[in-house]
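Hi,

Here is the structure I promised to pass on. Have a look at it first, and then read my notes below.

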Amino acid sequence: MLAPRRVFVLLINAGTENEGIHTIQMGGQNKILMFEDEDDAARYALLLEAQDFPTPTVEEFPAEEIEEFCQEAGYEFEIVESGRLEIPPEANVEQPQDALDPVDRPKVDPIPEREQAGEMTDAELEAKRRFLEGLL
């Protein structure tokens, strides 16, 4: 029998009453990023921190558990394949749309999430590329 597939997600205020899972908002829909690789999730967390976002904690979960949570909460999810560089949106949304208060872990009273900011200019893209290269 195969072991359940594991993914890494970002939690804000992990282990507290205020614990939340990091989501992004795209087209009015909340989405949870599920990273296949822990290092990729950690890199994304550093990018969030560099944007003055509360420092997230990388946590490992069975993919099925996160998918079930998303279904119950009305969220979408996206698998971030190993090695794919995901860049957080620039705008911050204080409260997700249609937030639910789930009972089971991952407990998510969703707190700040990211909102898709639209297309970047060439200069913005180049600045981000230089910043990311500096992290590596």
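This is a predicted model: local features need pLDDT of at least 70, side-chain atom pairs count only at pLDDT 80 or more; totals for chains, interfaces and linings use all residues.

Residues are numbered from 1 along each chain as its sequence is written, and side-chain values use heavy atoms, with hydrogens and water left out.

Now the answer: R5 pairs with E67, at 3.1 Å from N to O. By salt bridge I mean a side-chain nitrogen of Lys or Arg within 4 Å of a carboxyl oxygen of Asp or Glu. Side chains of opposite charge can pair when their charged atoms come close. R5 sits in the segment before β1 and E67 in helix α2, so this pair ties together parts that are 62 residues apart in sequence. (Helices, H or I with at least four residues, and strands, E with at least two, are DSSP runs numbered from the N terminus.) Both partners are partly exposed: R5 has a relative accessible area of 43%, and E67 has 25%. On that scale, buried is under 20% relative accessible area, exposed is over 50%, and partly exposed is in between, using a 1.4 Å probe and protein chains only.

The structure holds six salt bridges, and here are two others to look up. K31 and E78 meet at 3.0 Å, N to O. That pair links distant parts of the chain, with K31 in strand β4 and E78 in strand β6 (residues 76-80), 47 residues apart. K31 is buried, at 12% relative accessible area. Setting aside neighbours within four places in sequence, K31 is in contact (heavy atoms within 4.5 Å) with H22, T23, I24, M26, E76, F77 and E78.

R43 and D40 form another bridge, at 2.9 Å, N to O. These two are three residues apart in helix α1 (residues 38-50), so about one helical turn separates them. R43 is partly exposed at 27%, whereas D40 counts as buried at 7%. Salt bridges with shared partners also join K31, E78, R84 and E86 into one network.

On to the inside. A nonpolar core here is a set of buried Ala, Val, Leu, Ile, Met, Phe, Trp, Tyr and Cys residues joined through side-chain atoms within 4.5 Å. The largest one has 13 residues, and V9, I21, I32, M34, I66 and F69 touch the most other members. At least two of its residues come from each of β1 (6-12), β4 (29-35) and α2 (63-73), and α2 gives the most, with five.

At 4% relative accessibility, E19 counts as buried. Its side chain reaches the backbone nitrogen of G15 at 2.7 Å.

Cheers

Methods:
A polar contact is a pair of N or O atoms within 3.5 Å; within protein, one must be able to donate a hydrogen and the other to accept it, and residues adjacent in sequence count only if both atoms are side-chain atoms.
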